[in-house]
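Welcome! Have your viewer ready, and let's walk through this structure one selection at a time.

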Amino acid sequence: MVATQSPASADRGTRVRSDKAGAQPNQSLIDGITVLQALAISTEPVGCREVARRVGLETTRVNRLLKTLTYLGIARQTPDRKYRAGAGMTVLAAQSLFASGLLRRALPALEELRHFGHTVAMGVRWRDNVSYLFHAPPNMPATDALGRIGLYPATRGGIGMALLATLEDDEIHEIYGKGEIPGYADTDALLLALTDIRRKGYARLRVKDEREQHTVAITVGQTAYAAIGLSGWIPEAAMPTMLEALRVAAAEIQARGQERGEEIAPVDPALDYRLAV
């Protein structure tokens with residue numbers, strides 16, 4: 001089920017969207033984040049030239065960006081002069097999860113969904129990929145379900161399709177352009193599938209060749225910021241029960257977000273990244 005996409009491909013949407021009326025993107029920042037993502041999804045140390053090849057940028061530019069990220073502690077250089085994610089990246093990820101509180105408030109609702117005996121998942125979309133914050137096959141401990149899957153093409157799964165369906169058609173064109181779309185012949189075919197999801201209010205995708213193996217997913221939030229789903233043997237007769245359970249879980253996650261209590265945070269958090277990392 002795991003599939004990753006190169007940052008160069010993922011960056012496609014950002015570069016196209018830069019022409020949108022009123023947008024004034026900083027290309028240096030875009031390139032820096034693109035290199036940062038290349039490190040984030042790499043399971044092994046990677047050299048400067050390889051990063052440049054993956055993201056489609058000049059080697060000299062990537063070298064400067066990697067040295068800057070290393071200076072900040074977000075990247076680190078290995079003895080063989082390759083690069084990998086540094087402690088700063090872990091800090092940023094932890095701070096982000098803490099600030100949003102999404103995973104923390106979602107866990108009780110996700111655990112409740114597991115009584116069906118199906119795979120339970122929650123993911124968020126960035127560009128044309130989905131990152132699964134929680135992905136638990138039957139009988140897997142919840143602690144093992146956290147962050148166990150990397151980037152996955154949004155068009156390949158129910159969670160990704162549910163989130164893509166919340167976008168306008170012109171945004172879909174901006175994200176995918178004329179490039180390859182996993183699982184679809186072209187943008188028109190994708191838009192046809194997304195129109196059906198919008199009409200139904202949920203995504204239902206066959207995930208295996210065997211009969212009735214499907215993923216069913218819905219979004220979370222009035223302005224969708226995540227999606228949750230169930231995957232397994234889900235015949236049509238079981239759909240009303242599954243959808244009702246997903247809707248209850250989504251409402252609970254959203255409600256918990258509106259009722260967040262006092263957070264534990266530093267009185268005077270350090271904002272100087274040279275000190276923070």
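Start by selecting D196 and R199, which form a salt bridge with their closest N and O atoms 2.5 Å apart. Here a salt bridge means a side-chain nitrogen of Lys or Arg within 4 Å of a carboxyl oxygen of Asp or Glu. Before going further, please note that this is a predicted model, in which local features need pLDDT of at least 70 and side-chain atom pairs count only at pLDDT 80 or more, while totals for chains, interfaces and linings use all residues. Residues are numbered from 1 along each chain as its sequence is written, and side-chain values use heavy atoms, with hydrogens and water left out.

Now show helix 10, residues 187-200. Helices (H or I, at least four residues) and strands (E, at least two) are DSSP runs, numbered from the N terminus. D196 and R199 are three residues apart in this helix, so about one helical turn separates them. Colour by accessibility if you can: buried means under 20% relative accessible area, exposed over 50%, and partly exposed in between (1.4 Å probe, protein chains only). D196 is partly exposed at 27%, and R199 is exposed at 63%.

How far apart are the closest N and O atoms of D196 and K200? They are 3.2 Å apart, and this pair is a salt bridge too. D196 and K200 are four residues apart in helix 10, again about one helical turn. K200 is partly exposed, with 37% relative accessibility.

Next, pick R204 and E236, a salt bridge with its closest N and O atoms 3.4 Å apart. R204 lies in strand 6 and E236 in the loop between strand 8 (226-233) and helix 11 (239-258), so the pair ties together parts that are 32 residues apart in sequence. E236 is exposed, at 52% relative accessible area.

Finally, switch to a cartoon view and find the open sheet, where six antiparallel strands run in the order 5-4-3-8-7-6. Two strands pair if DSSP finds at least two bridges between them. At the edges are strand 5 (146-153) and strand 6 (203-206), each pairing on one side only. Zoom in on strand 4 (residues 129-136), which pairs with strand 5 in the antiparallel sense over five bridges.
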